[in-house]
Amino acid sequence: FMPVRDLFIGFDVGTGGCKGVVASADGELMASSYRPYPLRHPRPGWAEQDPEDWWRASCACVQGMLEEGGVDPARVAGIGFAGQMLGVVPVDGAGSPLRPAIIWLDNRAEEQAASIIRRFGGRKAIRRLAGAVPSGKDVVCKLAWLRENEPDLYRRTQYFLDATGYLVGRATGR
């Protein structure tokens with residue numbers, strides 16, 4: 001006898017914490033949970049988080065939802081992650097973080113953004129070319145910052161992930 005797999009777990013990995021829900025295929029909410037985690041500002045304008053805090057919060061949400069909601073884990077058909085964008089999590093070949101994540105709120109890469117704007121002919125030219133002008137919060141600028149300021153870490157990085165990419169990798173091993 002195979003159990004009916006008719007439930008889904010969803011996560012929203014936000015800036016202040018992880019929100020989780022268990023819902024049926026027709027959208028009925030079975031259980032929900034929230035677990036906060038810290039946001040660090042090691043310097044003015046910087047914003048970092050430990051990717052392991054995201055993982056621990058996701059796991060705690062699942063445990064709480066299954067226990068508090070009386071949900072049978074055998075009924076879970078799938079899990080999905082949504083969350084903060086414009087973050088950078090450098091990981092090694094095993095998927096382990098090499099440093100705290102530089103999250104969307106971080107604007108340490110303003111110099112790199114200004115350099116990109118100059119290189120492409122100024123604000124008007126880059127807006128026409130790309131549709132928007134980069135800022136220090138954009139991923140490409142954060143990657144340039146890492147390359148310039150943490151070159152050893154940059155060379156050791158196998159993959160640059162965002163929050164949801166890190167969690168999918170951690171959950172699946174790939």
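Strand 1 (residues 7–13) pairs with strand 2 in the antiparallel sense, over seven bridges. This is a predicted model. The two strands, 1 and 2, form a hairpin, with three residues between them. Gly 10 stands opposite Val 21 of strand 2.

Strand 2 also pairs with strand 3 (residues 29–36). Seven bridges join strand 2 to strand 3, and the two run antiparallel. Ala 23 stands opposite Leu 29 of strand 3. The hairpin of strand 2 and strand 3 has four residues between the strands. Gly 27 in that hairpin takes a positive phi near 95°.

## Burial of strand 2

Strand 2 covers residues 17–24. Six of its eight residues are buried, so strand 2 is largely enclosed by the rest of the structure.

## Helix 2 against helix 4

Two packed helices are described by the angle between their axes and the distance between the axes. Helix 2 spans residues 110–119, and helix 4 spans residues 139–149. Their axes come within 8 Å and cross at roughly 110°. Angles of 65 to 115 degrees count as roughly perpendicular. Helix 2 and helix 4 are therefore roughly perpendicular to each other. Helix 2 passes helix 4 in a right-handed crossing.

## Residues at the helix contact

Helix 2 brings Gln 112, Ala 113 and Ile 116 to the contact. They meet Val 140, Cys 141, Ala 144, Trp 145, Glu 148 and Asn 149 of helix 4. By class, this contact of helix 2 with helix 4 has six nonpolar, two polar and one charged residues.

How values were computed. Residues numbered from 1 in each chain as written. Predicted model: local features only at pLDDT ≥ 70, side-chain atom pairs only at ≥ 80, totals over all residues. Heavy atoms only, no water. Axes fitted to C-alpha atoms, helices over the stretch in contact; angles between N-to-C directions. Parallel < 35°, antiparallel > 145°, perpendicular 65-115°, else oblique. Left-handed = near helix turned anticlockwise from the far one by under 90°. Contact = heavy atoms within 4.5 Å. Nonpolar A, V, L, I, M, F, W, Y, C, P; charged D, E, K, R; others polar. Buried < 20%, exposed > 50% of the residue type's maximum accessible area, 1.4 Å probe, protein only. Pairing = 2+ DSSP bridges.
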